[in-house]
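Look at the structure first, then read on.

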Amino acid sequence: MSVDHPHALESRLVSTGVERLALLGKHAEALMAGYARDEVPLEGLSTTALNRLLAARILWRPDEQGGVKLTPKVRELIAEMLADESRRHVNADVAETLELLRSLVQSYREVRDGGEYWRQEQQLLHLRQEVDDLNGRFADAIDSLWRRLNGDFGFVSRLGDKIRENQRAQKQIVRLLDGLALIDFDELIELVGSDGALRKLLVSGLQQQLTQHYTSLREVQRRLVELMARFRQQQSRSRLVAGMAGFLREHPGFVPGNYARRGEVPALVNRAAPLVAAGAAALDHHPDSRVLGELLHRLPRPAPRPQPVTAAGAAAPQEDTLVAARQQALKEDVERFYLAVVDGGEGLSALEFLQQGEYEWSEEIWLFQVIAEFQGLPRSEQRAFRLSQQESQASRYNHVRLIHDVTLQLA
């Protein structure tokens, strides 16, 4: 009995939905006439058809004296199918959807713990549909914004209407961002627990979708700001032109003066920087050579200033020379370590040799040079030695190997 009841419920839902859709298709002309006008015309509807449409909540009567109108949901459905952005209202109620998701997750856990696998699949399907609806509402809202950018903004004649439309779109973006901020993934992670299907649906999949929504909203907002700046610029220019046209209507005999021939130019017009005439000596012009010679003789000669003489100091070696000398000294000390291993014939610790020889190298640099020297030997010479490393793992969760000492001996 517990298995047949859900199938009967699903069959009843399907039959009711088919009946409602058939009513929409049968009376499509009257419904579209009601969408275009204020009320639905009753001339083409019989009393039985009208009562069926009212019972199906496709039509409704606001008051007894008024006419019959489309219900808000049906009007929104038609606006959605027609992409009529002027009558379309997108409502992304995130708080209500999140509360429904919490309730569905609790029901899913109960049927899972009870071993009711068929009901578990139905609850998971219901959860997936609600998440898809949530993502779809955000996607529809962003798509509505893009349609308004490409439609209403392009065909509104008055700049004031464009600016008001832009401000309304900006407010809708703020509401959408506030709705997205309500989704707390820490809460969702704690809610789904260790269930893999729920985690994939409510955490990884939803987070990927929200990232796309945030990216689309940023792009829409950038476009809105760009359009607002362009509209403001057009508005300032149109005001200037409208002001000039009004002035000409009040003074029809006004003739602009020739400002190029005036001695005193108004400050509004005289905005160009003054030009400085460029001059050059014409050396090929013989009559001017005497004048140029006199001008050159009259130029004042610069008085030489005494330069302070400092005692020369010892030349400091360059930094590159010091580094090269230090590297050569380290290489020679490591070669002494290798010679000591060859002379002794026994294994020798690199750190013990460093401490006994009282060298001034740090342990890390010394071990690095010993290993580098071994790796730099030819293959034939490497076979004559055996290099063993005393190492350990960095930590329980870090597999990096730390080298503490190196022992070198003859093979």
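The axes of helix 5 (94-113) and helix 10 (residues 196-250) come within 12 Å and cross at roughly 170°. Helix 5 and helix 10 are therefore roughly antiparallel to each other. The contact joins Leu-101, Val-105 and Tyr-108 of helix 5 to Ala-197, Leu-198 and Leu-202 of helix 10. By class, this contact of helix 5 with helix 10 has six nonpolar, no polar and no charged residues.

Some ground rules come next. This is a predicted model, in which local features need pLDDT of at least 70 and side-chain atom pairs count only at pLDDT 80 or more, while totals for chains, interfaces and linings use all residues. Residues are numbered from 1 along each chain as its sequence is written, and side-chain values use heavy atoms, with hydrogens and water left out.

Helices (H or I, at least four residues) and strands (E, at least two) are DSSP runs, numbered from the N terminus. Axes are lines fitted to C-alpha atoms, for helices over the stretch in contact, and angles run from 0 to 180 degrees between N-to-C directions. Angles under 35 degrees count as roughly parallel, over 145 as roughly antiparallel, 65 to 115 as roughly perpendicular and the rest as oblique. Contact means heavy atoms within 4.5 Å. Ala, Val, Leu, Ile, Met, Phe, Trp, Tyr, Cys and Pro count as nonpolar, Asp, Glu, Lys and Arg as charged, and the others, Gly among them, as polar.

Helix 9 (residues 185-192) also packs against helix 10. The table gives the values for the two pairs with helix 9.

| Helix pair | Axes come within | Crossing angle |
|---|---|---|
| Helix 9 and helix 10 | 8 Å | roughly 160° |
| Helix 5 and helix 9 | 11 Å | roughly 15° |

Helix 9 and helix 10 are therefore roughly antiparallel to each other. Phe-185, Leu-188, Ile-189 and Val-192 in helix 9 meet seven-residue partners in helix 10, including Leu-198, Leu-202 and Leu-206. The classes in this contact of helix 9 with helix 10 are nine nonpolar, one polar and one charged.Helix 5 and helix 9 are therefore roughly parallel to each other. Arg-102, Val-105, Gln-106 and Arg-109 in helix 5 meet Glu-187, Glu-190, Leu-191 and Val-192 in helix 9. Three nonpolar, one polar and four charged residues make up the contact of helix 5 with helix 9.

The structure holds one cavity of 30 Å³ or more. On a 1 Å grid over the protein atoms alone, a cavity is a set of points where a 1.4 Å probe fits but cannot get out, and lining residues have an atom within 4 Å of a point. Grid points are joined across faces, edges and corners, and a volume is the space filled by probe spheres set on the points. The largest cavity has a volume of about 40 Å³. Leu-98, Arg-102, Asp-184, Glu-187, Leu-188 and Leu-191 line the largest cavity. Helix 5 and helix 9 are the elements that give two or more residues to this lining. Helix 9 gives the most, with three residues. By class, the lining has three nonpolar, no polar and three charged residues.

Methods:
On a 1 Å grid over the protein atoms alone, a cavity is a set of points where a 1.4 Å probe fits but cannot get out, and a pocket is an open set with protein on both sides within 12 Å along at least five of seven lines; lining residues have an atom within 4 Å of a point.
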